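Please examine the sequence and the three-dimensional structure shown below.

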Amino acid sequence: MNLWVTEYQSENLTIGCRVLKTLYREKTRFQEIMIAETLQFGKMLLLDGVIQTTVADEFVYHEMITHVGLNTLEKPRRVLVVGGGDGGSVREILKHKSVEKVTLVEIDGKVVESARAFLPEISCGLNDPRAEVIVDDGIKHVKENPDTYDMIIVDSTDPVGPAVGLFGADFYRDVYNALTENGLFVAQTESPFYNRELIPRIIGDVRSIFPVARFFMASIPTYPGGLWSFTMGSKKHDPLEVDINSIPKMETRYYNPEIHSSSFVLPEFVKELVK
Ligand code: AG3
């Protein structure tokens, strides 16, 4: 058998992985979900043919979208994840002892269900008593919950279809209002190689709304270009002013105190994008 999944990263570029078998495939109201067992990366979650996460490299994304922000805050208690139905971000957030409650708001309940069934190593945190799962529109949830969360994580798909609104200034303003007095947010903000119009726009919007705006990166082999970006908007705390020696020890595979600082060190072409 010669079975492959192919993500069309652009009209002119694909990434392809040989598939051992398809574990789950379903068209929901929102998208087509597929979980496949690949030979190179192990189990892989795709939404509308776009790679969301794989068992082999999910740790990079989920550690970086959570710990950089959480360790910038003093004692974060309430955390919101918008999207992220696979549960990987929730699993990482729960490593922080100060966190009393993590709320995940995912628009497609089938993503949560299928991750629970087929990706337990990623979704395990969803069963924790501190975790709450709400199936709803994250944009609406953020609008309706002012002054509630110490940190908001925007763990979204690419800016197409239902996720477009998660990359806009109106949403970032609602995020600002949903945060507590000293809160911050982190969003996944795509590839510095391939999203050269999107990134400057996002950074500009975040700078116009938040007193502190920061941009950091990590290596994620299954995402377009392999180099991925995250944007932080913070009301008060600056991730670059954190005393990295005081970061508590945590079990991680990518993130560590040195990476906390070095992920903000940018190559010239990226500095150009965010200046
Ligand atoms: N969110 C998807 C990041 C975007 C990936 N883009 C792509 N492969 N073209 C990841 C969800 C994991 N919780």
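## A residue of the core

Which residues does M151 touch, not counting residues up to four places away in sequence? With that exclusion, M151 touches I65, T66, G69, L70, L73, R78, V79, L80, L179, L184 and V186; contact means heavy atoms within 4.5 Å.

The model is predicted, so that local features need pLDDT of at least 70 and side-chain atom pairs count only at pLDDT 80 or more, while totals for chains, interfaces and linings use all residues. Residues are numbered from 1 along each chain as its sequence is written, and side-chain values use heavy atoms, with hydrogens and water left out.

## The nonpolar cores

M151 is one of the residues that touch the most other members of the largest nonpolar core, which has 35 residues; M64, V90, I93, V186, F216 and F230 are the others named in this way. A nonpolar core is a set of buried Ala, Val, Leu, Ile, Met, Phe, Trp, Tyr and Cys residues joined through side-chain atoms within 4.5 Å. Buried means under 20% relative accessible area, exposed means over 50%, and partly exposed lies in between (1.4 Å probe, protein chains only).

Two or more residues of this core are given by each of α1 (58-70), β6 (78-83), α2 (88-93), β7 (101-106), β9, β10, β11 (212-219) and β12 (227-234). Here helices (H or I, at least four residues) and strands (E, at least two) are DSSP runs, numbered from the N terminus. The largest share, 7 residues, comes from α1. Another core lies apart from this one and has 23 residues, among them L80, V154, F171 and L198.

## Helices and their packing

Helix α6 (residues 169-178) and helix α7 (residues 198-209) have axes that come within 10 Å and cross at roughly 35°. Axes are lines fitted to C-alpha atoms, for helices over the stretch in contact, and angles run from 0 to 180 degrees between N-to-C directions. The crossing is right-handed; a crossing is left-handed if the near helix is turned anticlockwise from the far one by less than a right angle, and right-handed if clockwise. In this contact, α6 contributes A169, Y172, R173 and Y176, and α7 contributes I202, D205, V206 and I209. These residues divide into 6 nonpolar, no polar and 2 charged. In this division, Ala, Val, Leu, Ile, Met, Phe, Trp, Tyr, Cys and Pro count as nonpolar, Asp, Glu, Lys and Arg as charged, and the others, Gly among them, as polar.

The buried residues of α6 are A169, F171, Y172, D174, V175 and A178, and they pack against α5, β9, β10 and α7. In helix α3 (residues 109-118), the buried residues are G109, V111, V112, S114 and A115. Those of α3 pack against β2 (13-27), β3 (32-38), β4 (42-47), β7, α4 (120-123) and β8 (131-135).

## The loop between α5 and β9

D147 is found in the loop between α5 (138-144) and β9 (149-155). D147 has a positive phi of about 55° although it is not a glycine. Most residues other than glycine have a negative phi. At 54% relative accessibility, D147 counts as exposed.

T148 is found in the loop between α5 and β9 as well. Is T148 buried or exposed? T148 is buried, because its relative accessible area is 17%. Leaving aside neighbours within four places in sequence, T148 is in contact with R78, A178, L179 and T180. T148 and L179 are 31 residues apart in sequence and 5.7 Å apart in space, C-alpha to C-alpha.

## The loop between β10 and α7

E190 lies in the loop between β10 (179-188) and α7. Its phi is near 70°, a positive value in a residue other than glycine. E190 is buried, with a relative accessible area of 3%.

P192 has its place in the loop between β10 and α7 too, and P192 is buried, with a relative accessible area of 0%. Not counting residues up to four places away in sequence, P192 touches I199, M217, L227, W228, S229, F269, V270 and L273. The C-alpha atoms of P192 and M217 are separated by 8.9 Å, although the two residues are 25 residues apart along the chain.

## Cysteines

A search of the whole structure finds 0 disulfides, a disulfide being a pair of cysteine sulfur atoms within 2.5 Å. C17 is buried, with a relative accessible area of 4%, whereas C124 is partly exposed, with a relative accessible area of 39%.
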